[in-house]
Amino acid sequence: MAGTNSSEIRVAGVGRLYVAAADTKVPTTFSTDSATDWASWKNLGFTTGDGVTFSKKDKLEPIDVWQAVSPVHFVYSDRDLTLKFSLLQFNEDTLPFFMGGGSVDAVTGSTGVYKYDVAERPFADVRALGLEFSDVRASDGSTVTYRFGIPRGQVTAADDIKLARKAASQLGVTFTAMSAADGSALASFVMKDSAYAAS
């Protein structure tokens, strides 16, 4: 609906992040239990209260001509689509995700001891990333749910891990979307929200 409408303001009060094998599509089914919809994905658990920072940056190259002081055309040369967030849980899913792949393995001959080897050099660790958050509409109190999925991407930056007595350690990452060979969407929004219904 055009114009001012407070029921279309969205606050991502509570959200979740998921990871899956590359090319996994964001679920479009909304059941009473969202965990059922994300069954083929792994929940990355608690994140910091800052939530997720979504960034889309397009780089345009101007076409200048002798006859004008302003560009007469622009050519798109680059698009960066990233999600930045900090994980608070350390486990067999989050540590390899942060470090760039690999796996956590049990140490042979030791009970309850596990090992993760950091590779000598980085390798491609392409995965799908999913995000979901819900909000309550101001107009009628109904719940709306938003999902965002990147079918192909990888962690392109990792923050320093601070080990301190007075704060929880964090696994801060920047996840960047990658183009698929078939030219499919770089990412997708899926919304259960009547605000998008044609009027």
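How many salt bridges does a search of the whole structure find? The count comes to 12. Hi everyone, and before I go on, please keep in mind that this is a predicted model. As a quick reminder, side chains of opposite charge can pair when their charged atoms come close.

Let me walk you through a few of these pairs. Start with aspartate 93 and lysine 42, whose side chains meet in a salt bridge with an N to O distance of 3.4 Å. Aspartate 93 sits in the loop between strand S4 (73–87) and helix H2 (94–99), while lysine 42 belongs to strand S2 (residues 42–43), so this pair ties together parts that are 51 residues apart in sequence. Is aspartate 93 buried or exposed? Its relative accessibility is 16%, and because the cut-off for buried is under 20%, aspartate 93 counts as buried. Lysine 42, on the other hand, is partly exposed, at 48% relative accessible area.

Next up, lysine 56 and aspartate 58. Their closest N and O atoms are 2.9 Å apart.

Now have a look at glutamate 132, which forms a salt bridge with arginine 147, with 2.6 Å between the closest N and O atoms. Glutamate 132 is in strand S7 (residues 127–136) and arginine 147 is in strand S8 (residues 143–158), so the bridge links parts 15 residues apart in sequence. Both glutamate 132 and arginine 147 are buried.

Technical notes. Residues numbered from 1 in each chain as written. Predicted model: local features only at pLDDT ≥ 70, side-chain atom pairs only at ≥ 80, totals over all residues. Heavy atoms only, no water. Salt bridge = Lys/Arg side-chain N within 4 Å of Asp/Glu carboxyl O. Helix = DSSP H or I, 4+ residues; strand = E, 2+ residues; numbered from the N terminus. Buried < 20%, exposed > 50% of the residue type's maximum accessible area, 1.4 Å probe, protein only.
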